[in-house]
Amino acid sequence: QVQLVESGGGLVQAGGSRRLSCAASGSIFSINNWGWYRQAPGKQRELVAFITRGGSTNYADSVKGRFTISRDNANDTVYLQMNSLKPEDTAVYYCNAVSVWPTKVEYWGQGTQVTVSS
């Protein structure tokens with residue numbers, strides 16, 4: 001089992017920055033990929049960014065060049081640095097962890113609200 005706790009959400013003005021944190025505990029050694037998703041009101045949850053065990057990253061087109069995902073192995077924490085925020089970035093942001101062996105298992109945090117005012 002893996003437990004994920006997000007923090008860092010809040011209200012920010014358009015053009016501002018915010019850093020989200022995801023503190024992980026439990027069987028972290030089993031995790032292959034770490035990701036951040038978001039869900040805006042009335043919309044489906046979407047992938048924002050992920051980072052693999054090897055450190056490779058991938059981003060949604062809508063956040064490329066503005067958001068950066070990173071991982072601090074010493075503190076078992078995954079971050080999402082968000083710069084140049086836009087009102088359309090307003091959503092609940094969820095931390096995600098995926099283990100693929102022996103079967104695929106996904107873990108989710110409780111979510112943290114990010115609101116970008118124009």
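Here are a few questions and answers on a predicted model.

Trainee: How many disulfides does the structure hold, and which residues does a disulfide join?
Mentor: A disulfide is a covalent bond between the sulfur atoms of two cysteines. The structure holds one. With S to S at 2.0 Å, the partners are Cys 22 and Cys 95.

Trainee: Where in the chain do those two sit, and how many residues apart are they?
Mentor: Cys 22 belongs to strand β3, residues 18-26, and Cys 95 to strand β9. The pair links distant parts of the chain, and the separation is 73 residues.

Trainee: Is the disulfide left-handed or right-handed, and why?
Mentor: Look at the torsion about the S-S bond of Cys 22 and Cys 95. It comes out at about -80°, so the disulfide is left-handed.

Trainee: Is Cys 22 buried or exposed?
Mentor: Buried means under 20% relative accessible area. Cys 22 has 0%, so it counts as buried.

Trainee: Where is Asp 89, and is it buried or exposed?
Mentor: Asp 89 lies in the loop between β8 (77-82) and β9 (91-99). Its contacts beyond four places in sequence include Arg 38 and Arg 66. Its relative accessibility is 1%, so Asp 89 counts as buried.

Conventions
Residues numbered from 1 in each chain as written. Predicted model: local features only at pLDDT ≥ 70, side-chain atom pairs only at ≥ 80, totals over all residues. Heavy atoms only, no water. Helix = DSSP H or I, 4+ residues; strand = E, 2+ residues; numbered from the N terminus. Buried < 20%, exposed > 50% of the residue type's maximum accessible area, 1.4 Å probe, protein only. Contact = heavy atoms within 4.5 Å. Disulfide = S-S within 2.5 Å.
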